[in-house]
Amino acid sequence: MSVGVPRLPGMRPSRRLVTLLGCWCLAALAIAAARIGWPQLVGAIGNLWWLAGVLLCGGALLDGFTGRRVRGLRGRRRVAGNLALGVENVALLQLRNQGPRPLAVDVCDHLPPQLETGDMPQRALLQPGAQAELRYTLIPRRRGRAEFGPIEALVDSPWGLWQQRVYLGVSQTVKVYPNFLGISSLQAMSTEQSLRHMGVHQLQRRGEGLDFRQLREYRLGDSQRQVDWRASARVRKLISREYQDERDQQIIYMLDCGRRMRAKDGDLSHFDHALNALLLSAYIAIKQGDAVGLHAFAHSDRGGDLPLPPVKGESAMNLLLNHVYDLHSGTASADFSGAAQRLLARQQRRALIILVTNLRDDNGEELLAAVQLLSRRHLVMVASLRETELDALCGRTVENFDDAVKFAATADFLARRAYLLQQLQSRNVFLVDSEPARLHTALVAQYWQLKRSGVI
């Protein structure tokens with residue numbers, strides 16, 4: 001908390017003073033018009049007009065002199081240090097009047113450009129020794145660091161003829177993360193509960209994992225090979241071995257940060273949808289005991305690739321969030337082959353490579369070559385965001401020539417894209433082709449299917 005200190009430009013006339021000056025000027029026009037009809041009254045009215053002007057000027061000077069210093073006004077901002085993209089948050093401005101006179105204040109917070117609000121400015125009336133709390137909502141529209149400026153306050157002079165501008169509090173930095181609230185809602189759930197919450201259908205498979213978990217009593221439906229005959233002989237009843245899916249596998253996300261990911265679907269870009277899906281699926285993988293890494297390429301804001309070695313455990317999600325919260329898509333084209341070669345140089349152990357991109361056929365040969373290169377050592381999955389606007393165009397009625405041209409171009413693009421998907425499938429690549437808003441569910445479902453089938 002800090003004391004407000006005046007900065008330039010300091011004092012300005014209030015609406016009240018402007019209104020009074022306007023009325024005084026209109027009175028001058030009325031007196032000039034009265035000279036024609038009632039010249040005998042002009043002298044007395046003119047004297048009153050001059051007297052009003054003197055009183056107004058004198059009062060304004062006196063009020064400005066007494067109100068030029070604002071004493072004892074203090075303020076601070078309270079806002080969460082971490083915000084989620086597109087999620088409404090509440091900020092609190094705390095004001096306190098420790099001065100000798102009542103204060104009427106118009107308050108406006110200096111927001112970063114990536115935050116939006118419709119609740120500013122606000123007005124507060126503070127008696128001596130009183131305090132006030134002003135709440136307003138803000139919605140982050142872009143990830144990264146957000147820099148708040150000081151709180152700006154316009155304080156009325158004692159008679160309300162002037163307003164003195166003061167700045168309260170200090171600058172503040174917050175971080176705008178991808179929408180991690182979905183992860184927060186899953187933290188208290190088991191893996192099975194999390195999958196059901198996300199709408200992922202599970203294939204029931206009991207006791208057929210790869211890693212031994214525990215011994216338990218035999219249940220109807222257990223296979224004969226699960227029975228531990230030595231343990232059964234000791235306790236004189238059937239005992240089965242229970243297994244769990246293999247742990248300690250490595251999942252590497254190759255995230256395309258190129259220009260094709262700048263396309264928008266709703267309020268979010270394809271890149272932001274991809275990040276949300278990446279984080280949710282990574283959370284499920286980490287919860288299963290797997291290690292998750294990242295290889296971001298084709299971005300321009302940090303220069304070069306942005307690798308994160310595979311990490312696991314409780315701190316893995318925090319590391320991943322802080323690694324990508326200020327990462328944005330660039331304007332460069334994605335170099336799939338170069339990114340694949342650099343990943344292979346770093347990643348020696350066999351892993352599941354998940355390439356997240358917006359699949360198009362303009363550089364399909366390069367993508368196929370990169371996938372073929374990665375498949376020699378790793379399992380490869382391609383997760384592509386489908387542009388919903390193109391699907392909508394194909395579903396519209398053709399009414400004129402322009403509509404026909406758009407329909408033909410869209411249908412040709414989608415056909416070439418479908419052919420590229422077929423080529424990827426012929427190379428034994430696992431595919432996820434989904435609308436951006438549903439990518440997280442499709443990505444988790446495919447990972448879970450691979451996990452339960454023992455492929456990873």
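These are my notebook entries on a few places I looked up in a predicted model.

**Entry 1: two helices**

I began with helix H8, residues 336–346, and helix H9, residues 364–375. Two packed helices are described by the angle between their axes and the distance between the axes, and I looked up both. The angle between H8 and H9 is about 15 degrees, and their axes are 8 Å apart. Angles under 35 degrees count as roughly parallel, so I wrote down H8 as roughly parallel to H9. I also noted that H8 and H9 cross in a right-handed way.

Which residues of H8 and H9 meet? On the H8 side I listed Phe-336, Ser-337, Ala-340, Gln-341, Leu-343 and Leu-344. On the H9 side I listed Glu-366, Leu-367, Ala-369, Ala-370, Leu-373 and Leu-374. Sorted by kind, the residues of this contact are nine nonpolar, two polar and one charged.

**Entry 2: a sheet**

Next I turned to an open sheet of three strands, in the order S4-S13-S10. Its pairing is mixed. Strands of a sheet pair through backbone hydrogen bonds, either parallel or antiparallel. From one strand to the next, the twist averages 35 degrees.

Which strands stand at the edges? They are S4 (82–84) and S10 (144–148). Each has a single partner strand, so one side of each has no neighbour in the sheet.

I then followed S4 to its partner S13, residues 172–177. The two strands run parallel and are joined by three bridges.

**Entry 3: aromatic rings**

I counted ring pairs whose centres lie within 6.5 Å, and the count came to four aromatic pairs. One of them is Tyr-177 with Tyr-325. Their ring centres are 5.1 Å apart and their planes stand at 45 degrees, so I recorded the pair as tilted.

Where do Tyr-177 and Tyr-325 lie? Tyr-177 is in strand S13, while Tyr-325 is in the loop between helix H7 (316–324) and H8. The pair therefore ties together parts that are 148 residues apart in sequence.

**Entry 4: Arg-259**

Last, I looked up Arg-259, which is in the loop between strand S16 (250–256) and strand S17 (264–265). What does Arg-259 touch, leaving out residues up to four places away in sequence? I found Gly-330, Thr-331, Ala-332 and Ser-333. I also checked Arg-259 against Ala-334, which is 75 residues apart from it along the chain. The C-alpha atoms of Arg-259 and Ala-334 are separated by 7.6 Å.

Note on methods
Residues are numbered from 1 along each chain as its sequence is written. This is a predicted model: local features need pLDDT of at least 70, side-chain atom pairs count only at pLDDT 80 or more; totals for chains, interfaces and linings use all residues. Side-chain values use heavy atoms; hydrogens and water are left out. Axes are lines fitted to C-alpha atoms, for helices over the stretch in contact, and angles run from 0 to 180 degrees between N-to-C directions. Helices (H or I, at least four residues) and strands (E, at least two) are DSSP runs, numbered from the N terminus. Angles under 35 degrees count as roughly parallel, over 145 as roughly antiparallel, 65 to 115 as roughly perpendicular and the rest as oblique. A crossing is left-handed if the near helix is turned anticlockwise from the far one by less than a right angle, and right-handed if clockwise. Contact means heavy atoms within 4.5 Å. Ala, Val, Leu, Ile, Met, Phe, Trp, Tyr, Cys and Pro count as nonpolar, Asp, Glu, Lys and Arg as charged, and the others, Gly among them, as polar. Two strands pair if DSSP finds at least two bridges between them. Rings of Phe, Tyr and Trp (its six-membered ring) pair if their centres lie within 6.5 Å; planes under 30 degrees apart count as stacked, over 60 as edge-to-face and the rest as tilted.
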